[in-house]
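Here is a set of questions and answers for someone meeting this structure for the first time.

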Amino acid sequence: MSQLSGAVLRSLPGKTAGAMALAGLLISGCAQQPSQPDSLLQSRQTDLAAIEYTPGELNRETLYDLIIAELAGQEEQFELSLANYMRQSRLTKDPAIAKRATYIAQYMNQPKRILEAANLWQEAEPDNPEPYQISASILLQQGDFDHALPLLNKALDHSNPQTLQMIANSSGKLSQDERQAYIDVLSTKNTDTANATLLTTLGILYKSNDQPEAAEKAFDKAIKLSPKHHGALFQKAELLRQQGKTKQALALLKNVVEGKQPEQQLRTLYIQLLFQDNQNKKAVKQANLLLELRRAEPQLGFYLALLMLEKDLVDESEAVFKKILVRYPQNTTPYYYLGLIELQRENDEQALEYFSKVKDPNNLLPALSRISDLLDNADKRQQLQKIMLDARNAIPERAVQIFIIEAEWLDLHDYKGAAINLLDEALQEDEEDIALLYARAMMMSAQDFKLMEQDLRKVLELDPDNSMAMNALGYTLTLYTDRYDEALELIRQALEITPDDAAVLDSMGWILYKLNRNEEALPFLERAYEMYPDAEVAGHLIQVYFAEGQVAEAMKLLEKSQAEHPDNLYILEAAEAIGQTAAN
């Protein structure tokens with residue numbers, strides 16, 4: 001609400017805002033005055049003239065109410081804030097105050113009070129289309145078309161372009177009935193002579209209402225009236241693209257886009273269509289032209305460079321990213337994508353150099369993960385740890401995630417003790433960090449089961465609905481203890497929270513198997529394998545198939561898994577279990 005509070009002074013007329021500021025100073029000054037005898041105070045109150053309200057003029061009561069309203073807004077006491085603005089809207093007939101009351105009611109999402117405030121705004125400023133459109137929108141949402149349509153017509157009469165823009169912008173958020181109501185109103189206009197913007201808005205509503213033929217007719221009429229109407233051209237081209245008519249969309253835009261200074265949205269769509277039509281050379285040429293025209297927009301450069309990368313235009317994409325680096329050397333995001341390009345070229349050393357230069361928080365962790373993959377040798381420990389330390393120092397707000405990436409690398413390369421020591425060190429900063437506790441639990445071996453359970457219990461104490469920790473603890477109990485009933489309850493709770501998690505489904509199947517409830521176990525494991533066909537799930541499913549007497553299914557999956565993962569421990573274990581059982 002503090003942002004709204006600041007906005008009010010900017011939104012009020014100069015006289016209103018100035019008077020409010022003056023009143024604030026007076027109140028502040030009065031607060032510092034020594035107390036006065038009651039008789040003197042009563043005398044001064046008697047001297048004050050009676051309050052009179054004159055449209056366009058603010059008096060001391062208005063100033064007091066508005067200041068209280070703003071202070072209430074800053075304290076998130078929106079009821080009081082709205083009540084004061086509504087009261088002063090009625091008394092002053094001031095459009096700025098009524099507008100403010102309407103916006104606060106919208107912020108509070110109270111339709112009845114929005115209508116009341118907007119009505120006051122309409123009375124105070126009858127030529128402004130916005131309050132009519134706001135009221136019409138609320139009434140349409142309520143299905144009160146009879147009262148909404150006259151208001152909408154008033155909005156259109158007072159400012160056609162502004163109202164049409166508001167309708168077009170909100171088209172996607174409207175219900176089908178609301179859109180149809182707007183269509184009914186706009187269709188009553190003489191569309192043969194109406195302006196192109198009205199026809200374009202009508203087409204947008206038809207398109208959103210899944211009426212493509214009517215939409216296309218409306219766009220065609222708009223283009224016929226105004227052949228260079230960017231909105232109509234863009235919408236028609238988008239409609240054609242949605243219908244798979246890429247070449248027709250390109251033909252529609254070609255003459256406009258290849259002319260002088262085309263509008264950015266149209267040229268961007270034209271470039272997308274060229275790529276979609278595999279006219280890559282021409283698309284790159286248009287993209288570079290657009291980038292020259294829009295040199296101050298790095299985000300556009302990123303977008304076009306990524307489009308090129310998607311089409312495997314690696315050299316062209318690289319050139320754009322390097323241009324962005326030259327123009328914006330403080331922006332390290334291009335280094336991440338340049339690293340990906342070098343990976344694609346199998347130039348690992350150059351990729352590593354680029355990833356090491358990424359400092360922006362959004363791409364830092366993916367870059368560090370890439371680095372940990374590239375440094376795939378235990379001898380690179382010193383190099384990796386220096387990079388991780390530098391990253392933690394550069395972006396301390398990502399320190400926890402960086403600690404975990406480093407610990408996982410150490411664990412993967414047989415430095416388990418160092419990995420756990422690193423997480424211990426990180427937990428000294430915050431012993432209740434859930435991510436660190438979970439990561440440390442997952443690195444414990446069977447011999448450290450008590451510590452593992454302790455960390456997972458701590459996670460659940462801090463976050464009782466953490467289904468990942470519930471599942472991990474339940475599965476761990478299944479693997480390392482005979483506390484199967486306890487494990488089943490934990491996994492059942494996890495499944496309630498995340499019913500479509502393949503890991504939880506696998507755990508449920510496996511604990512049921514351990515409890516000799518094979519028939520119940522099978523559908524959980526089949527679903528888990530369908531969602532995530534990894535070796536561990538396959539190993540469990542093979543054993544349950546076999547236990548259920550579905551030997552052919554078990555052997556088929558075993559052969560497939562052995563071909564895909566010949567040395568996997570879960571597959572070897574499943575094969576051994578089947579062999580032992582078969583021998584018996």
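**Salt bridges, helices and loops**

Q: In this predicted model, how far apart are the closest N and O atoms of the salt bridge that Glu-70 forms with Arg-100?
A: Side chains of opposite charge can pair when their charged atoms come close. A salt bridge calls for a side-chain nitrogen of Lys or Arg within 4 Å of a carboxyl oxygen of Asp or Glu. Glu-70 and Arg-100 form such a bridge, and their closest N and O atoms are separated by 3.7 Å.

Q: How many salt bridges does a search of the whole structure find?
A: The pair of Glu-70 and Arg-100 is one example of a salt bridge, and Lys-247 with Asp-277 is another. Searching the whole structure gives a total of 31.

Q: Where does Asp-277 lie, given that it forms a salt bridge with Lys-247?
A: The closest N and O atoms of Lys-247 and Asp-277 are 2.9 Å apart. Lys-247 belongs to helix 15 (residues 246-257), and the pair ties together parts that are 30 residues apart in sequence, because Asp-277 lies in the loop between helix 16 and helix 17.

Q: Is Lys-247 buried or exposed?
A: Exposed residues are those with over 50% relative accessible area. Asp-277, the partner in the salt bridge, has a relative accessible area of 17% and is buried. Lys-247 has a relative accessibility of 57%, so Lys-247 counts as exposed.

Q: Which helix holds both Glu-318 and Lys-322?
A: The side chains of Glu-318 and Lys-322 meet in a salt bridge, with 3.4 Å from N to O. An α-helix has 3.6 residues a turn, so residues three or four places apart point the same way. Glu-318 and Lys-322 are four residues apart, about one turn of the helix, and both lie in helix 19.

Q: Which residues are joined with Glu-318 and Lys-322 into one network of salt bridges?
A: Glu-318 is buried, with a relative accessible area of 13%, while Lys-322 is partly exposed at 37%. Salt bridges that share partners link Glu-318 and Lys-322 into one network with Asp-315, Glu-342 and Arg-345.

Q: How many of the 13 residues of helix 8 are buried?
A: Helix 8 covers residues 129-141, and its end C-alpha atoms are 18 Å apart, which agrees with the 18 Å that its 13 residues should span at 1.5 Å a residue. Its buried residues include Pro-129, Tyr-132, Ile-138 and Leu-140. Helix 8 is largely enclosed by the rest of the structure, because the number of its residues that are buried is 12.

Q: What distance separates the C-alpha atoms of Pro-126 and Pro-95?
A: Pro-126 lies in the loop between helix 7 (111-124) and helix 8, and Pro-126 is partly exposed, with a relative accessible area of 41%. Pro-126 and Pro-95 are 31 residues apart along the chain, and their C-alpha atoms are separated by 9.3 Å.

Q: What is the phi of Asn-278, a residue other than glycine?
A: Most residues other than glycine have a negative phi, and most peptide bonds are trans. Asn-278 is found in the loop between helix 16 (264-276) and helix 17 (280-293), and Asn-278 is exposed, with a relative accessible area of 56%. Its phi is positive, with a value near 60°.

Q: Where does Asp-376, one of the residues of a negative surface patch, lie?
A: The patch is formed by Glu-346, Asp-348, Glu-349, Asp-373 and Asp-376. Asp-376 is exposed, with a relative accessible area of 56%. Asp-376 lies in the loop between helix 22 (361-374) and helix 23 (381-394).

How values were computed:
Residues are numbered from 1 along each chain as its sequence is written. This is a predicted model: local features need pLDDT of at least 70, side-chain atom pairs count only at pLDDT 80 or more; totals for chains, interfaces and linings use all residues. Side-chain values use heavy atoms; hydrogens and water are left out. Patches are made of residues with over 30% relative accessible area and no salt bridge: like charges are joined within 9 Å, nonpolar side chains (Val, Leu, Ile, Met, Phe, Trp, Tyr) within 5 Å. Accessible areas come from the Shrake-Rupley method with a 1.4 Å probe; for residues, only the protein chains shown count as cover. Lys and Arg count as positive and Asp and Glu as negative; His and the chain ends are not counted. The place of a charge is taken as NZ of Lys, CZ of Arg, CG of Asp or CD of Glu. Helices (H or I, at least four residues) and strands (E, at least two) are DSSP runs, numbered from the N terminus. Buried means under 20% relative accessible area, exposed over 50%, partly exposed in between (1.4 Å probe, protein chains only). The expected span of a helix is 1.5 Å times one less than its number of residues.
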